[in-house]
Amino acid sequence: MPLRDISNTARDIMSSPVITIGPDATVGEASAVMLERGIGALPLAKEDGEYLGLVTENWFLPRQTVIPMMRGTTLSLLGKLVGDPSNLEETMQRVKSMRVGDVIEPNPPVAVEDTPVGEIAETMATKNVHHVPVIKNGKVVGMVSRHDLLKIFATDA
């Protein structure tokens, strides 16, 4: 059966309520919340709950990036070029104090409560994402992670 034929919706499997963080929080604060709560993603929201973007654990994994016409590589973290890979400790200290709202890329894939689970699974596969926020009236009401997809395979036994 193709994934799109699964009849469950985001509402059926999403985790809710969702822990959010404001755009003025630092990268260090966001990572601490994720560790304390044991979550892999943290939606960014204004005080009124308006959804702005998503911080995920994958954003915290530094990558070396080759820049054309430059010798050597530079470090990419949180989707931004942040420094020399040989100076990782200094770079990490500087990044920890950055505001999440300044480094987050907005507009990751989102769903609504009635989005079919198959569509969410397909989005995760094609967009290479592990978390999809569920939005209602511009606010985050739930989160679907790869872990939540397991719910469609669980039996009532």
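Trainee: In this predicted model, how many residues lie between S1 and S2 in their hairpin, and what is particular about glycine 49 in the turn?

Mentor: Strands S1 and S2 form a hairpin with five residues between them, and within that turn glycine 49 has a positive phi of about 95°. The two strands, S1 covering residues 41–45, run antiparallel and are joined by five bridges.

Trainee: Is strand S2 mostly covered or mostly open?

Mentor: Here the cut-off matters, because a residue counts as buried when its relative accessible area is under 20%. By that reading S2, which spans residues 51–56, is mostly covered, with five of its six residues buried.

Trainee: Which strands make the hairpin that contains asparagine 137?

Mentor: That hairpin is made by S6 and S7, with two residues between the strands, and asparagine 137 takes a positive phi near 55°. Strand S6, residues 131–136, runs antiparallel to S7 and is joined to that strand by six bridges. One of the pairings sets histidine 131 against serine 145 in S7. As for cover, five of the seven residues of S7 (residues 139–145) are buried, so this strand is largely enclosed by the rest of the structure.

Trainee: How should I read a helix, and which residues of H2 are buried?

Mentor: The general idea is that an α-helix has 3.6 residues a turn, so residues three or four places apart point the same way. In helix H2, residues 27–37, the buried residues are Val27, Ala30 and Met34. Seen down the axis of H2, these buried residues fall within an arc of 65°, so they line one face of the helix. The face turned away from that buried side carries the exposed residues Leu35 and Glu36. After H2 comes glycine 38, whose phi is positive, near 65°.

Trainee: Where does threonine 9 lie, and is it buried or exposed?

Mentor: Threonine 9 lies in the segment before helix H1, which covers 10–13. With a relative accessible area of 16%, threonine 9 is buried, because a value under 20% counts as buried. Leaving aside neighbours within four places in sequence, threonine 9 is in contact with Glu113, Asp114, Thr115, Pro116 and Val117.

Trainee: How many helices and strands does the whole chain have, and what share of its residues count as buried?

Mentor: The protein chain has six helices and seven strands, and from the N terminus on they run α-α-β-β-β-β-β-α-α-α-β-β-α. Of its 157 residues, 35% count as buried.

Notes:
Residues are numbered from 1 along each chain as its sequence is written. This is a predicted model: local features need pLDDT of at least 70, side-chain atom pairs count only at pLDDT 80 or more; totals for chains, interfaces and linings use all residues. Side-chain values use heavy atoms; hydrogens and water are left out. Helices (H or I, at least four residues) and strands (E, at least two) are DSSP runs, numbered from the N terminus. Buried means under 20% relative accessible area, exposed over 50%, partly exposed in between (1.4 Å probe, protein chains only). Contact means heavy atoms within 4.5 Å. Two strands pair if DSSP finds at least two bridges between them. The arc is that of the directions from the helix axis to the C-beta atoms.
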